[in-house]
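This briefing summarises helix packing, core composition, ionic pairs and one backbone feature. The points are grouped by topic for reference alongside the coordinates.

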Amino acid sequence: MGFPLGLSAQAMTVVVLALAEQPATWRYGHELCQQLDLEPGRLYRALMRLADLGLLEAAWESEAPADRPPRHRYRLSGPGRAYAATLAAGPPVPATTARGVGGIRRRPRLQGT
């Protein structure tokens with residue numbers, strides 16, 4: 001599966017594999033930033049794109065402490081787990097691959113972009 005729209009396929013792959021370590025566990029962006037040593041802007045773009053592709057579930061924390069606002073949390077979806085297994089089992093997937101994994105397809109590019 002290729003990751004379109006100029007996002008780093010490497011960053012997205014690293015995020016998927018990190019979440020695959022505990023696929024049923026909800027994780028927070030700050031925690032992933034520290035674990036993966038990624039800049040927040042790069043991480044959050046990757047998380048949003050993965051969620052748009054259906055590889056992640058994203059939800060607001062249900063019970064935030066009174067001293068801070070609720071946070072977004074993330075975990076792999078069913079297709080995300082299948083994609084993580086594919087990544088772990090085989091050689092790296094070229095970023096220019098047009099085929100999707102688990103029924104996920106690349107979005108067409110808009111004219112002029």
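Leaving aside residues up to four places away in sequence, Val15 touches Leu36, Leu38, Leu43, Ala46, Leu47 and Leu50. The structure is a predicted model. Val15 belongs to helix H1 and takes part in the meeting of H1 with helix H3, and Val15 is also among the members of the largest nonpolar core that touch the most other members.

**Packing of H1 and H3**

- Two packed helices are described by the angle between their axes and the distance between the axes.
- Helix H1 spans residues 9-20 and helix H3 spans residues 40-52; they pack at an angle of about 75 degrees, and their axes are 9 Å apart.
- Angles of 65 to 115 degrees count as roughly perpendicular, and H1 and H3 are therefore roughly perpendicular to each other.
- On the H1 side, the contact is made by Ala11, Met12, Val15 and Val16. On the H3 side, the residues are Arg42, Leu43, Ala46, Leu47, Arg49 and Leu50.
- By class, the residues of this contact comprise 8 nonpolar and 2 charged, with no polar residue.

**Largest nonpolar core**

- The largest nonpolar core holds 21 residues, of which Val15, Val16, Leu43, Leu47, Leu50 and Leu56 touch the most other members.
- At least two residues of this core come from each of H1, helix H2 (29-36), H3, strand S3 (72-76) and helix H4 (78-89).
- The greatest contribution to this core is that of H1, with 5 residues.

**Salt bridges**

- Side chains of opposite charge can pair when their charged atoms come close.
- Over the whole structure, 4 salt bridges are found.
- Arg27 counts as buried because its relative accessibility is 4%, whereas Glu31, at 33%, counts as partly exposed.
- Glu57 and Arg75 meet through their side chains in a salt bridge with an N to O distance of 3.3 Å. This pair links distant parts of the chain, with Glu57 in strand S2 (residues 56-60) and Arg75 in strand S3, 18 residues apart.
- Glu57 is partly exposed, at a relative accessible area of 30%, and Arg75 likewise counts as partly exposed, at 22% relative accessibility.
- Arg71 and Glu61 also meet in a salt bridge, at 3.6 Å from N to O. Both Arg71 and Glu61 lie in the loop between S2 and S3, so the pair ties together parts that are 10 residues apart in sequence.
- Arg71 counts as partly exposed, with 33% relative accessibility, while Glu61 counts as buried, with 10%.
- A network of salt bridges links Glu61, Arg68 and Arg71.

**Backbone feature at Asp37**

- Asp37 is not a glycine, yet Asp37 has a positive phi of about 55 degrees.
- Asp37 is located in the loop between H2 and H3.
- The relative accessible area of Asp37 is 70%; exposed means over 50%, and Asp37 is therefore exposed.

Note on methods:
Residues are numbered from 1 along each chain as its sequence is written. This is a predicted model: local features need pLDDT of at least 70, side-chain atom pairs count only at pLDDT 80 or more; totals for chains, interfaces and linings use all residues. Side-chain values use heavy atoms; hydrogens and water are left out. Axes are lines fitted to C-alpha atoms, for helices over the stretch in contact, and angles run from 0 to 180 degrees between N-to-C directions. Helices (H or I, at least four residues) and strands (E, at least two) are DSSP runs, numbered from the N terminus. Angles under 35 degrees count as roughly parallel, over 145 as roughly antiparallel, 65 to 115 as roughly perpendicular and the rest as oblique. Contact means heavy atoms within 4.5 Å. Ala, Val, Leu, Ile, Met, Phe, Trp, Tyr, Cys and Pro count as nonpolar, Asp, Glu, Lys and Arg as charged, and the others, Gly among them, as polar. A nonpolar core is a set of buried Ala, Val, Leu, Ile, Met, Phe, Trp, Tyr and Cys residues joined through side-chain atoms within 4.5 Å. Buried means under 20% relative accessible area, exposed over 50%, partly exposed in between (1.4 Å probe, protein chains only).
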